[in-house]
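Please open the model in a viewer and follow the stops below in order. Each stop names a selection and then describes what is found there.

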Amino acid sequence: MAAAELLTVTSPLEGRVVELAVAAGDRVGAGSMLAIIESMKMHHDVVAPAAGVIVEVATAANLQIGRGAVIATLRAGEGEGEANAAQASVDEIDLELVRDDLDAVRRRHDVGLDDARPHAVAKVHGRGRRTARENLNDLVDDGSFVEYGPLVIAAQRQRRSVDDLIERTPADGLVGGLATIGAEAVGADRARAMVLSYDYMVLAGTQGYQNHRKKDRLFELAERRRLPVVLFAEGGGGRPGDTDTTTVSGLDTMAFHLFGRLAGTVPLVGIASGRCFAGNAALLGCCDVVIATEDANIGMGGPAMIEGGGLGTFTPEDIGPIDTQHANGVVDVRVVDDAAAVAAARRYLGYFQGPIEPDADLVADQQVLRHLIPEDRLKVYDVRAVLDALVDVDSRMELRDGYAPGIITSLARIDGHPIGLVANDPAHLGGAIDAEGAEKAARFLQLCDTHGLSILFACDTPGFMVGPESESAAAVRHMSRLFVVGANLSVPCGTVILRKAYGLGAQAMAAGSFKAPEFVVAWPTGELGGMGLEGAVRLGFRAELEAEADPAKRQALFDDLVAAAYDHGRATNVAAQFEIDDVIDPADTRRWVCAALLGPNVTSAHSGGSERR
């Protein structure tokens, strides 16, 4: 047997010997701890390089030593069998063991979960509602949520104990973090999102010092990573009871600036259920889309603020109820409850996550489009049925359906590609565009432009609504805005003339000119003109009509002139002058859309979305 080798074990750094674990004659195994050296307040183990017997210990506890100082001399290999058998100190790690430090952290997190607050949760459920965490769990993909700041508590240590704050103000009333939404359909990269929910079980979802700081952090991350944001906004606005700050007015809070800056860069989805007042409502109103439940009350001030301003005494239910906020356009999507709100948010966000795999089974028989517009030019029809037949089955999501009924704005898919739809509704004012309709259309165009969605106009309008009542609604400003927005679109658009296309209103349904879109085509029912036929005849042939004294003959002359004007403005005649690109079989409409508005070759020719709002 070869002679045992003597090994010198030295200190790897300068420091103080805080522990000697061996003495001369001790058998050790490879990796056994011989001593502990403290350096820069950190403890470093000195271990045996091989199994053997300690021949000599060359230092002592509490001794300051230098780097390379001898700790011990080891005769390697001597008594190796016994040493290895005795080396029970190097035990295998129990991966299932939960250390005390980890157990304490887990228990601290558990305090903020719903299971730790059964009474508060029961109150929420008793109102037919879901908790903040229940909504977020339903919104995001399973296992994808990474929460920021769950251990934060309200800044009220001067008036409440820390234990009470931990128990009653978890996360300071704002649950938020990173997640994916719909990754199964579009992949994890396109599904990433920032999600936040005020927690009404914590101080009525009010905006405290720490949850403002948390919002700032999450909004900055969303901007940095270009992530869409989904915000559950229920809550009562600013919280005056925080004490652990130097705040006087709080007007230097960054959250509203940061969130406003996100508008026009990433999709912002706001959800309101229950009471949403003041600062919470301000954030909600910054969102591209507002989804609200039947029990929602939304207002820029709650009862206390209104009464404090001397404006009267009201209950929360008096302020901004859903019927009001749906009719005035604040609410884009009205739903029955929290579950429906989450489903609507997931669906809405999907349009801004890009195309999905096309499915031939989701294409209706396009021949039905040939029969949805009556041949009688005066007969009203259901334009929503036209849109639903044109796009992928069940893919259309209408926005602001309670406001400005003469304009229909929808998100949809064609061959799996997301697209924006703007349509006139002939059932309201004959399809005329009023001031509210112009505002609604312009805002929707900006939404699509901001996020890179192609736009299809379905035109059936006699023009802009005119008259004293229309002008009292600021028609000039709202209607002209359609030309400004249309002229500055950076995404492709196209126009299909279903029936009427008259005057400035028709041009507004084509980004300002029939030569501006990628295409302008008409169905066989199309009729066009510089103004409505009847008005054009009365204006242009006033002398002839006034010259006919007999009322019956005057009406017959008028009818003949209108018929001649209609023949002159038939879509086929207009196409013959190349004022539009073609008159098509309605069943070919999808083919035009796919060729001119969808796909990488189209979007690459445009900037892919503007950052204007």
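Contact here means heavy atoms within 4.5 Å. The model is predicted, so local features need pLDDT of at least 70 and side-chain atom pairs count only at pLDDT 80 or more, while totals for chains, interfaces and linings use all residues. Residues are numbered from 1 along each chain as its sequence is written, and side-chain values use heavy atoms, with hydrogens and water left out.

**First stop.** Select Gln 353, in the loop between helix H13 (338-351) and helix H14 (383-390); helices are DSSP runs of H or I with at least four residues, strands are runs of E with at least two, and both are numbered from the N terminus. Leaving aside neighbours within four places in sequence, Gln 353 is in contact with Ile 181, Val 186, Arg 190 and Ala 191. A polar atom of the Gln 353 side chain lies 2.9 Å from the backbone oxygen of Ile 181.

**Second stop.** Move to Ser 11, in the loop between strand S1 (5-10) and strand S2 (15-20). The Ser 11 side chain reaches the backbone oxygen of Leu 13 at 2.6 Å. Beyond four places in sequence, the contacts of Ser 11 include Ile 37, Ile 65 and Gly 66. Display also the C-alpha atoms of Ser 11 and Ala 72, which are 61 residues apart along the chain and separated by 9.6 Å.

**Third stop.** Select helix H15 (residues 435-450) and helix H17 (residues 475-487), whose axes are 8 Å apart. Among the residues meeting at this packing are Ala 438 and Leu 445 in H15, and Met 479 and Leu 482 in H17.

Key. Polar contact = N/O pair within 3.5 Å; in protein donor to acceptor, adjacent residues only side chain to side chain. Axes fitted to C-alpha atoms, helices over the stretch in contact; angles between N-to-C directions.
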